[in-house]
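Here is a short briefing for a first look at a structure. Please keep the sequence and the 3D view open while reading.

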Amino acid sequence: MRTKPDRPARFLARLGVRAVVVAGAYALAAAAILLTVIGLRDVVSPARLREFLGFVFIATLAAGLEPGTTKADALDPDHRAGLPAIFAVSTLKALLASPVLALVWRFADPAASLSMLAWTPGLCVAGFCVTDLRVLHDLRGRYALAIGLKQGALAGGIVLAGTLIASGAGLGLAVGVSTLARLAVVAVAGLGNSARRGSASFGRDVRRMAADLRWLDLAAVSVIAAVSGSVDRLFGLRFLDAAAYGGYFLVFEVFSKFWLIPYVLAPIIFARQASGQETGAFLRGAWSFTAAVGALFLAALGGLLWLAPGPLARVVGASFGPPTWLFGAGVVVGSFVQLRIAGLQGEGASRRAAIVSGFSAVFSVALFYLAARSWGAAGLLSAWLVKSVVELALAMLPARRPA
């Protein structure tokens, strides 16, 4: 017998309890990174801070990439891969991806030393394996633990590196100690979960997951989304002066935290649809909740920029005016894009999600390059609204039905 659809009040009550715990972990991690950057701004030169922000950019990018290993295994009706096999496959993917990320790092910041770039493989392995653990906990319904583990490991590594730099350590040493600490966290967390996810054959699991091409579509969406979602900071690092980029980075980090909402909801949408649960009411509630909070967020941001622009400028070290509100609007619209992409992946339409993301990435590269070169930080902030509207339009196009 089909259960009664969730009512909006029941949806909000259930989501609220979970969101408080998840939001706490997410907010603490975000605050730790922001305070580290703001604190370093007062004790190191702008050029050195820029190099540190280059490390933050790459570490965050590597942590945000989806290797697709656990997700593809979840979509297999007979999935039961052991965690060691999942880690092995994702480590291989990380090592293959690391030269590309090292080149991206060097392009974004030509001043980055070889001692920093040499840690790119470790950053990729730590990011990929923690992402797999997060997906595993999502599938078990432990959403707060999933986000706490992923965000805590990333933020902890950044805070550790920043603390070492503030105490006088070299950038290469600071990045190395930070990376090794994150790898240790992965190892400890993996040992705690491997016993509950055993498998008869490590080799068979590795071969099966490597041959299951569904991970390519899932990873492609993540890679493409990372390109379209981080190319602004890539071009910002490359073309803006140190002070302007520092201000842009802090505006981005402060107001993009609205993405906590899709960060909480998107994994639930994927897990529900992948397991065949009824999702119609949940999807409607998720979109309605995002729209309501988004309206309040934009009203509050508009009021802050109108009534108290001075305190905001002191926090971020720069004042960009109306483009800051346009950026906030782009963040809200982008939240709906994330919910839509998660829904497409969960219902098995990962190829379509990859195509939509691909078109968006190509557009975003051209858009942000033009914005950074022609209009600086204000142009980058304004371009986010254009990017998000185009993405949502592409994602919402009706699927072509077979003849």
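Predicted model: local features only at pLDDT ≥ 70, side-chain atom pairs only at ≥ 80, totals over all residues.

Residues are numbered from 1 along each chain as its sequence is written, and side-chain values use heavy atoms, with hydrogens and water left out.

**Largest pocket**

- The largest pocket holds about 410 Å³ of space. A pocket here is an open set of points on a 1 Å grid over the protein atoms alone, where a 1.4 Å probe fits, with protein on both sides within 12 Å along at least five of seven lines. Its volume is the space filled by probe spheres set on the points, which are joined across faces, edges and corners.
- Its lining has 20 residues, and Leu65, Ala97, Val100, Leu101 and Val223 lie nearest the centre. Lining residues have an atom within 4 Å of a point.
- Two or more lining residues come from each of α2 (46-64), α4 (83-108) and α10 (214-239). Helices are DSSP runs (H or I, at least four residues), numbered from the N terminus.
- The biggest share is from α10, which gives 8 residues.
- By class, the lining has 17 nonpolar, 1 polar and 2 charged residues. Ala, Val, Leu, Ile, Met, Phe, Trp, Tyr, Cys and Pro count as nonpolar, Asp, Glu, Lys and Arg as charged, and the others, Gly among them, as polar.

- The 26 residues of α10 should span 38 Å, and its end C-alpha atoms are 37 Å apart, which agrees. The expected span is 1.5 Å times one less than the number of residues.
- α10 bends by about 50° at Ser230. The bend is the angle between axes fitted to the seven residues ending there and the seven starting there.
- α13 (residues 280-307) has 28 residues and should span 40 Å; its ends are 41 Å apart between C-alpha atoms, which agrees.
- Buried residues of α13 include Ala281, Phe282, Gly285 and Ala286. Buried means under 20% relative accessible area, exposed over 50%, and partly exposed in between (1.4 Å probe, protein chains only).

- Ala88 is in helix α4. Ala88 is partly exposed, at 31% relative accessibility. Its C-alpha atom is 9.9 Å from that of Val125, 37 residues apart along the chain.
- Val43 sits in the loop between α1 (8-41) and α2. Val43 is exposed, at 53%.
- Ala112 is in the loop between α4 and α5 (114-117). Ala112 is buried, at 3%.

**Cysteines**

- The structure has 0 disulfides (pairs of cysteine sulfur atoms within 2.5 Å).
- Cys124 is buried at 0% relative accessibility, and Cys129 is buried at 2%.
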